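Subject: Structure handover

Hello,

I am passing this structure on to you. Please look through the sequence and the model first, then read the notes below.

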Amino acid sequence: MLKTFDGIALAILIIGGINWLLVGLFEFDLIATITGSSTSIVAKVIYVLVGISALYCLKFFPGIAQQQTLD
């Protein structure tokens with residue numbers, strides 16, 4: 001079950017990261033374009049899910065740090 005959450009969180013985080021890349025490079029907010037505006041309820045839900053996914057993915061840092069010490 002946790003592996004499923006890990007995959008979902010990473011996918012949402014990647015989507016959010018790509019959106020920020022587009023905002024930074026081209027001032028183009030893909031989420032706002034898809035949902036009609038950045039203030040729509042759907043856009044806000046997506047932004048919140050990206051933020052929650054980022055917080056959830058913080059749990060990966062100890063494993064990454066441990067793996068680097070083993071290498």
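In which helix does Tyr56 lie? Tyr56 lies in helix α3; helices (H or I, at least four residues) and strands (E, at least two) are DSSP runs, numbered from the N terminus.

Before the rest, two remarks on the basis. This is a predicted model, in which local features need pLDDT of at least 70 and side-chain atom pairs count only at pLDDT 80 or more, while totals for chains, interfaces and linings use all residues. Residues are numbered from 1 along each chain as its sequence is written, and side-chain values use heavy atoms, with hydrogens and water left out.

Overall picture

The protein chain has four helices and zero strands. Its radius of gyration is 15 Å, well over the 11 Å that the globule rule gives for 71 residues, so the chain is more spread out than a compact globule. That radius is taken over C-alpha atoms, and the globule rule is 2.2 Å times the number of residues to the power 0.38. Along its principal axes the C-alpha trace spans about 45 × 30 × 15 Å.

Of the 71 residues, 17% count as buried. Buried means under 20% relative accessible area, exposed over 50%, and partly exposed in between (1.4 Å probe, protein chains only). The accessible surface of the chain comes to about 5400 Å², and 74% of it belongs to carbon and sulfur atoms. These areas come from the Shrake-Rupley method with a 1.4 Å probe; for residues, only the protein chains shown count as cover.

Helix α3

Tyr56 counts as partly exposed, at 25% relative accessibility. Leaving aside neighbours within four places in sequence, Tyr56 is in contact (heavy atoms within 4.5 Å) with Leu2, Phe5, Asp6 and Ala9. The side chains of Tyr56 and Asp6 also make a polar contact at 2.7 Å. A polar contact is a pair of N or O atoms within 3.5 Å; within protein, one must be able to donate a hydrogen and the other to accept it, and residues adjacent in sequence count only if both atoms are side-chain atoms.

Ser53 is also found in α3, which covers residues 41–57. Ser53 is buried, with a relative accessible area of 6%. With neighbours within four places in sequence set aside, Ser53 is in contact with Ala9, Ile12 and Leu13.

The loops

Glu27 lies in the loop between α1 and α2 and is exposed at 76% relative accessibility. Glu27 has a positive phi of about 55° although it is not a glycine. Most residues other than glycine have a negative phi.

Ser40 is in the loop between α2 and α3 and is buried, with a relative accessible area of 17%. A polar contact of 3.4 Å joins its side chain to that of Thr35. The side chain of Ser40 also reaches the backbone nitrogen of Ala43 at 3.2 Å.

Surface patch

Leu21, Leu25, Phe26, Phe28, Leu30 and Ile34 form a nonpolar patch on the surface, with about 620 Å² of accessible area together. Patches are made of residues with over 30% relative accessible area and no salt bridge, where like charges are joined within 9 Å and nonpolar side chains (Val, Leu, Ile, Met, Phe, Trp, Tyr) within 5 Å. A salt bridge is a side-chain nitrogen of Lys or Arg within 4 Å of a carboxyl oxygen of Asp or Glu. The elements that give two or more residues to the patch are α1 (2–26) and α2 (30–35). Helix α1 gives the most, with three residues.

Regards
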